[in-house]
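Q: I've got a new model open and want to go through it. Can you walk me through it?

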Amino acid sequence: MDDRQFRNAMGKFATGVNVIATETDGKIHGMTANAFMSVSLDPKLIVISIKEDAKMLEMIKETMRFSVNVLSREQQEESMIFAGQKKMEDAFKFDYLEQVPVVRNALAQLSCEVYNEHVEGDHTLFIGRVTGLDLQDGDPLIFNCGKYRELKELENVSV
Ligand code: FAD
């Protein structure tokens, strides 16, 4: 199989969209990421996967803290900004949770500290211990087959 085929296969798996954020020397850096999973309830752990050439990789290694922000349907622009697909004139305005920068109006904001890390191929998996969270109601932004989408409820059939 070639790389394109592999990417197309992975793209069939619909996901939400997150922004990962961290702060070093007073400078906040954000990055769009959909490689995210809940790992454990006790302790409360999640995993993110960061490619080897992303600036975010060295920054998380330095700070050992990051946030995961689950974007809402209204936050496609934020996703594009932090994927380098759209430029902002001014610096993005972040809020804080447990001293970690978070994206305002995200459906879920999770502050995390690095619990473990594993280099696997060309990505690094960071296991994050969740130190705080904040939730909001709303519909998620969806990513599938390389496109942004929204959720649609299907007819519920009673069995
Ligand atoms: P850069 O490319 O330099 O930064 C990303 C962008 O964010 C730049 O345009 C920068 O100007 C902007 N930015 C950062 N901080 C600020 C700020 N404070 N204010 C304003 N703008 C700012 N890659 C992965 O490794 N893992 C994934 O799981 C993953 N999932 C993705 C899912 C989707 C839906 C998309 C679209 C991309 C995904 N990517 C993923 C790719 C990743 O988002 C991009 O390659 C990204 O550009 C890598 O960021 P970087 O840390 O190298 O920094």
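Q: Let's start with Glu-150. What does Glu-150 count as, and what is its relative accessible area?
A: Glu-150 is partly exposed, at 48% relative accessible area. Here buried means under 20%, exposed over 50%, and partly exposed in between (1.4 Å probe, protein chains only).

Q: What sort of model is this?
A: It is a predicted model: local features need pLDDT of at least 70 and side-chain atom pairs pLDDT 80 or more, while totals for chains, interfaces and linings use all residues. Residues are numbered from 1 along each chain as its sequence is written, and side-chain values use heavy atoms, leaving out hydrogens and water.

Q: OK, back to Glu-150. Which residue forms a salt bridge with Glu-150?
A: Arg-73 does (a salt bridge is a side-chain nitrogen of Lys or Arg within 4 Å of a carboxyl oxygen of Asp or Glu). The closest N and O atoms of Arg-73 and Glu-150 are 2.4 Å apart.

Q: Where do Arg-73 and Glu-150 lie?
A: Arg-73 is in the loop between S6 and H3, and Glu-150 is in strand S12, residues 147-150. So the pair ties together parts that are 77 residues apart in sequence. The helices and strands are DSSP runs, numbered from the N terminus (helices are H or I, at least four residues; strands are E, at least two).

Q: And what does Arg-73 count as?
A: Partly exposed, because Arg-73 has 40% relative accessibility.

Q: How many salt bridges does the structure hold?
A: Five. One of them links Asp-95 and Arg-104. Their closest N and O atoms are 2.8 Å apart. Asp-95 is partly exposed at 25%. Arg-104 is partly exposed too, at 38%.

Q: Which residues are joined into one network by shared partners?
A: Arg-73, Glu-74 and Glu-150. Salt bridges that share partners join them.

Q: New topic: the inside. How many residues are in the largest nonpolar core?
A: The largest nonpolar core has 17 residues. A core here is a set of buried Ala, Val, Leu, Ile, Met, Phe, Trp, Tyr and Cys residues joined through side-chain atoms within 4.5 Å. Ile-48 and Phe-66 have the most contacts inside it.

Q: Which elements each supply at least two residues of this core?
A: S3, S5 and H2 do, and so do strand S6 (65-70), strand S9 (108-120) and strand S10 (123-135).

Q: What lies apart from this core?
A: Another core, of 10 residues. Val-17, Ile-81, Phe-82 and Val-103 are among them.

Q: Now the strands. In which sense do S6 and S9 pair, and over how many bridges?
A: S6 and S9 pair in the antiparallel sense over six bridges. Two strands pair if DSSP finds at least two bridges between them. Val-68 stands opposite Leu-110 in S9.

Q: And S2? How many bridges does S2 have with S6?
A: Four. Strand S2 is residues 18-24, and its pairing with S6 is antiparallel.

Q: Which residue stands opposite Ala-21?
A: Ser-67, in S6.
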